[in-house]
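Subject: The structure, with notes

Hi there,

Here is the structure I promised to pass on. Please have it open while you read the notes below it.

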Amino acid sequence: MTNDLIHATAAELAAKIHSGEVSSVEVTQAHLDRIAETDGKVNAFLHVDTEGALAQARTVDEAVKAGETVGALAGVPLALKDVMTTEGVPTTVGSKILEGWLPPYDATVTRKLKEAGVVILGKTNMDEFAMGSSTENSAYGPTHNPWDLDRIPGGSGGGSSAALAAYQAPLAIGTDTGGSIRQPGAVTGTVGVKPTYGGVSRYGLVAFSSSLDQAGPCARTVLDAALLHEVIAGYDHMDSTSINAPVPPVVAAAREGLSGDLSGLRIGVVTQFQGEGYQPGVLRSFQAAVSQLKELGAEIADVSCPSFDYALPAYYLIAPSECSSNLARFDAMRYGLRVGDDGTRSTEEVMSLTREAGFGPEVKRRIMIGTYALSSGYYDAYYGSAQKVRTLITQDFAKAFENFDVLISPTTPTTAFKIGERANDPIAMYKADLCTIPANLAGTPAMSVPSGLSDEDGLPVGLQIMAPALQDHRMYRVAAAYEAARGAFGGPSL
Amino acid sequence: MTSLVELMDYDEVIEKYDPVLGLEVHVELHTNTKMFCGCANEFGGEPNTHTCPTCLGLPGSLPVVNGKAVESAIRIGLALNCEIAEWCRFARKNYFYPDMPKNFQTSQYDEPIAFNGWLDVTLDDGEVIRVEIERAHMEEDTGKSLHVGGATGRIHGAEHSLLDYNRAGVPLIEIVTKMIPGTKERAPEVARAYVTALRDLLKALDVSDVRMDQGSLRCDANVSLSPKTTGALGTRTETKNVNSLRSVERAVRFEMTRQAAVLESGGEVIQETRHFDESSGSTSSGRKKETAEDYRYFPEPDLVPIAPSREWVEELRGTLPELPWERRARIQKEWNLTDEVLRDLVNANALDLIEATVVAGAKPDEARSWWVSYLAQQANTRGVELTDLPITPAQVARVIELVNTGALTNKLAREAVNGVLEGEGSPDEVVEKRGLKVVSDDSALEKAVDEALAAQPDVAQKIRDGKVQAAGAIVGAVMKATKGQADAARVREIVLARCS
Ligand SMILES: [Zn+2]
């Protein structure tokens, strides 16, 4: 029974809970048990909110018993990335500098989840301040990939994806600044979606890079991701950059896709994201996916987006620049860590000592890069040029979408690498986000859907599907059709 | 610790140098809510009670622009004859300071909402100087630090500091002039006159409390000296903490004499921020403005650009009230005042009061006469500003009305005003309570006149002999006997009639 509950999809669990076949408390308890049993090995969670989760589950059960209409995902458990504020529940963003902080307010995403009756199991591990592609930069130890515990689960949202792959939760929330939802999805064999920038409110999302950060749904199936997408998306007056437009009909699109017909759909294969530096098994898995999409009726052709070659360097100027400013507030004055306040030191010394002790090496590296890039005399050459590249990338997307409904590529050039393998080589680490970054720079939606396992190492591979802004439903339709055609590819044995 | 500062004689400064002014005024808007959140924008209040995640800069919080503040910024820009940007953005000004919750200030950098304007400023002698406005931009205020245990109240030497974020995020408009050259010996006066004119303008626009003492209007004065011999631009200092109009003038004057002395002794003026001290009237070195200070401005990614439509701008132009200089011109014409009289009224802060008294029904010359003579004396005696006297223009108008209807004599009217000033109530209440009444009953007056004539038979005889001017003594006696409540003209008529 427990096994059935943890392996079920969110849609199946919701149906069972709402029909009274099983209670949300039972479902929640099954997942809490699974976390207790496996998280010593995986380290997906930084904080498990047992009482909060069970209380929410009971509320949903009572509503169901009373015959009330409940939300589509009411009673279904979820793992929340520790970057979202949760009132009264620790929020560390994977950093020592926020250890012990209890936010006085809920992020809009948190609030929407609670209002929809979703059961928040706890907060998941991440690279510190979402800076990283492996979750090794967490101040609380790395998360391990359930497919191979010696390997990384991707990052920064490795905790959320690992929790899905380890059957600790059927749903999770991630945030994607340069691929932090999609790349972990790819290397853990789960679905991860970065919606259109502004589609999901950033209020309460502890900022890394404001113009790139976007929260999105993570799940084991495309339909589950779509159901979650509709819970968290929508205009929010608390976020000026949130889009005041109807939420794209992603659930309907996912259901439509399940019919398996993609006749007439035009798909562009981005030529920049293949070839050298790509693991052969990843490319073979991608080619197999292309063939399957053709069989579903799609028209497929190559498309070149030349400025995508400059996406990575542009990203590594824009994101650090914004982060150098966003992270300035962590100064020991109002919350979080305070070091050296022994009555002999000046404010500046306490600020400095706290930031020295509280931030990890990657965060410091990016603050320094960003501070440099914004300095007078360097601004135009670095931040200014990067913004121009950003415009070019947006134009490349626009041109490509004149001829294609969606674009595809591998999500990440390799399967999960070994923990520690790239720890001392930041450039190699940054390359994990090569294919995912353009969509962040352009603000367009993109998702990763598993394309099975690499034939050489048996590890999951991700297919990235990209769509024009506010056309999130297009990629859901393609992903759902592909997912059905692809069939099951097994799961990790843990 | 403080060394005595050498100062040059002011006339000598002017002989050798041309002062160049630049003025930056920060004005706190009195919108209901803060610039980027829904917290109340109120002066005072228990520390840290008007705060929320956004104005405390908590992780995850985001700003949302207060539309009312943008509206005020545009109206200020229009009143200052500025161009209004068709598209502009906020920018982050990055620096660390404990009273700034995010360690950056959300401000505007190279894309201000208003730019290229001017303000005509009238000096004390009536000369008008046009001050060019560089820009007016929107930003947020910081919190307040209270440094405890130090001698100076400043952070240096303090034992600990307390932080109050009630003010953090209050909407500010920063109005920056272009360099103001050519003011010569009148530089200090020009500085004061500019801030005064700006204050009156902002008041007329009803966008701010413009209270310098409460910090809702703050002025930073940039001063540099250009040697007449070379005409080269000098290094400027920026004097902060200038909390009154008078201080603006004193601070500029002090900096001129200090900088001249520094230059004269072969030294160099250091580019720095200086603090003005009210009590000593001097400035002292504050934060060094090193050229290395780099705010790393970049466009605020949490806010979308502001693009005020031309229709909206024109609609706002239509909401501009009568501006102070327009009003003065109108009043001068309507009341038929000379330039000198108008200027005296303006300088005495009497114009608003007189106009309000006129609006309440008095004639302009009657209203003017009350405010600039008797009431001005009373203010002077009490050591308060005319505007702070506890009497309203409407009450003054009522007193004037009572005189005009014959219910009060001028003397009684002054007593009625005294009563109002003493807090005894409205003019009518004072008249009632103090029993102030013109004695208009002829039989009572005749009796009093007869008594007075009987008491002074020699005077009575003189009047009967045709020496009419002697009647004054009898009138005076009657007025005294009736405690001033009689109409002196009527008394005189009766005296003459009795003696004919
Ligand atoms: Zn607030």
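What follows is a walk through the sheets, the helix packing and the chain contact.

First, some housekeeping. This is a predicted model, in which local features need pLDDT of at least 70 and side-chain atom pairs count only at pLDDT 80 or more, while totals for chains, interfaces and linings use all residues. Residues are numbered from 1 along each chain as its sequence is written, and chains are lettered from A and ligands numbered from 1 in the order in which they are written.

**The sheet in chain A**

Helices (H or I, at least four residues) and strands (E, at least two) are DSSP runs, numbered from the N terminus. In chain A, eleven strands make an open sheet with mixed pairing, in the order E1-E3-E2-E4-E6-E5-E10-E11-E9-E7-E8. Two strands pair if DSSP finds at least two bridges between them. At the edges are strand E1 (45–48) and strand E8 (299–303) of chain A, each pairing on one side only. On average, neighbouring strands of this sheet are turned by 30° against each other, direction ignored. Angles here run from 0 to 180 degrees between N-to-C directions, and axes are lines fitted to C-alpha atoms, for helices over the stretch in contact.

Strand E5 (residues 191–194) of chain A runs antiparallel to E10(A), and three bridges join them; A:Gly192 has A:Ser448 as its bridge partner in E10(A). E10(A) also pairs with E11(A), again in the antiparallel sense, over six bridges, and here A:Ala446 has A:Met466 as its partner in E11(A). E10(A) and E11(A) form a hairpin with six residues between them, and A:Gly458 in the turn has a positive phi of about 70°.

E10(A) is mostly covered, with six of its eight residues buried. A residue is buried if 20 or more other C-beta atoms lie within 10 Å of its own, exposed if 12 or fewer, and partly exposed in between, with C-beta atoms placed from the backbone. Helix H10 (residues 280–295) of chain A packs on the sheet and touches strand E7 (266–270), E8, strand E9 (406–410), E10 and strand E11 (460–466) of chain A; the direction of H10 makes about 105° with that of E10(A). Contact means that the C-beta atoms of two residues, placed from the backbone, lie within 7 Å.

**Strands in chain B**

Strand E10 (residues 217–227) of chain B is mostly covered too: nine of its eleven residues are buried. Strand E1 (residues 17–28) of chain B runs antiparallel to E10(B) and is joined to it by eleven bridges, with B:Asp18 opposite B:Ser226. E10(B) also pairs with strand E11 (residues 237–242) of chain B, in the antiparallel sense over four bridges, and B:Asn222 stands opposite B:Glu238 in E11(B).

Chain B also has an open antiparallel sheet of three strands, in the order E4-E3-E14. Strand E4 (104–107) and strand E14 (298–299) of chain B each have a single partner strand, so one side of each is left without a neighbour in the sheet. Strand E3 (residues 91–94) of chain B pairs with E14(B) over two bridges, where B:Arg92 is partnered by B:Phe298.

**Helix packing**

In chain A, helix H11 (residues 311–326) and helix H13 (residues 361–374) pack at an angle of about 95°, with their axes 7 Å apart. H11(A) and H13(A) are therefore roughly perpendicular to each other (65 to 115 degrees; under 35 counts as roughly parallel, over 145 as roughly antiparallel and the rest as oblique). Their contact includes A:Leu317 and A:Pro320 from H11(A) and A:Ile367 and A:Leu374 from H13(A).

In chain B, helix H13 (residues 442–455) and helix H16 (residues 488–498) cross at roughly 60°, their axes coming within 10 Å, and that makes H13(B) oblique to H16(B). Among the residues that meet are B:Leu445 and B:Val449 in H13(B) and B:Val491 and B:Ile494 in H16(B).

**Where the chains meet**

How many residues of chain B are in contact with chain A? There are 23, and they are in contact with 32 residues of chain A.

Happy browsing!
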